[in-house]
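Q: Hi! Could you walk me through this structure in plain words?
A: Happy to, let's take a look together.

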Amino acid sequence: MLKWFKEHPDDDILTGPASVKTACKIKDSDSAPIIGNRILLFQMYVGNAKAMQAPLYGLPVSKFKSEAVAYQPQILLKFVAYDSEDEPNHEKGILDTQISFRLKWSESEVTESRIKSVANNIYSIFATPLYKWKKGVEIFSYRDIKNGYELRIYCYSQAEGEQVCKQVLKIQNHTFNPDFVNESKSRKSFPANPGTRFVLGETKKKIRQRPIGTVRFHYAQFDWAELSEPILLVGAPYIGGDPVVLI
């Protein structure tokens, strides 16, 4: 940031670029939300906001909900790379993963107090401290339709997958049942360095399949067909909206 604004004076709030420099400059006394806002402002000012979000295939929430059948409330847990070195520039976001499950609540059971209770549980289980686990090539599946679980976790080992599953079940104080487990390990190899390919006259690195790396908890959200947009349960404001519980 200082290099970008090196031609402009410090602590000037009267002229355009200099005032932006002042607004973007992080201070020792800044709280985490303020730091996040300063970083976001700088990225938007220099036209680099797209670097903060990997490209996605998707469609507007309103269009999805207009074409989908009504569904039960859903909790989504998002995890991102713990170490940026695990994700080279050409693979940004490759380790990102999410785990979701349904809440077997009737419409009358969906209340603000109950949502806040779930948010507090998630915070205590995944955010204090930030929960970390290792992704990998194995698949740990847990299918308990009665309680809303159809988990499919790409993990480094079955033991790792089971531990992640048990943490998810803790949110609603559900007991782990080994009868609902299906373990899977592919015979296919997934090299850490899959090589290169020739694209439009340039040599490009191939994208890894089932990459291995440590991920950490990022945020949790609550979604429901009756909502125009999801509720951020646990996270930081820059993720989108005011969280029920702030990290």
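A: Let's begin with Tyr-131, which sits in the loop between H4 and strand S3 (132-135); helices (H or I, at least four residues) and strands (E, at least two) are DSSP runs, numbered from the N terminus. This is a predicted model, where local features need pLDDT of at least 70, side-chain atom pairs count only at pLDDT 80 or more, and totals for chains, interfaces and linings use all residues. Residues are numbered from 1 along each chain as its sequence is written, and side-chain values use heavy atoms, with hydrogens and water left out.

Q: Is Tyr-131 buried or exposed?
A: Tyr-131 is buried, at 14% relative accessibility. Buried means under 20% relative accessible area, exposed over 50%, and partly exposed in between (1.4 Å probe, protein chains only).

Q: What does Tyr-131 touch, not counting residues up to four places away in sequence?
A: Its contacts (heavy atoms within 4.5 Å) include Phe-79, Phe-126, Gln-163 and Val-215. Phe-79 is 52 residues from Tyr-131 in sequence, and their C-alpha atoms are 9.1 Å apart.

Q: New topic: where is Thr-97?
A: Thr-97 belongs to strand S2 (residues 97-102). Thr-97 is buried too, with a relative accessible area of 17%. Beyond its neighbours within four places in sequence, Thr-97 is in contact with Leu-77, Lys-78, Phe-79, Trp-133 and Lys-135.

Q: Which residues touch the most other members of the largest nonpolar core?
A: Leu-77, Ile-122, Phe-126 and Leu-233 do, in a core of 40 residues. A nonpolar core is a set of buried Ala, Val, Leu, Ile, Met, Phe, Trp, Tyr and Cys residues joined through side-chain atoms within 4.5 Å. Helix H4 (112-126) is among the elements giving two or more residues, and H4 gives the most, with 6 residues.

Q: Why would such residues gather?
A: In soluble globular proteins, nonpolar side chains tend to be buried together.

Q: And sheets: what is the strand order in the open sheet of 3 strands?
A: The order is S5-S4-S6, with antiparallel pairing; two strands pair if DSSP finds at least two bridges between them. Strand S5 (149-155) and strand S6 (181-184) are the edge strands, each pairing on one side only.

Q: How many bridges join S4 to S5?
A: 7 bridges join strand S4 (residues 138-144) to S5. Tyr-142, for example, has Leu-151 in S5 as its bridge partner.
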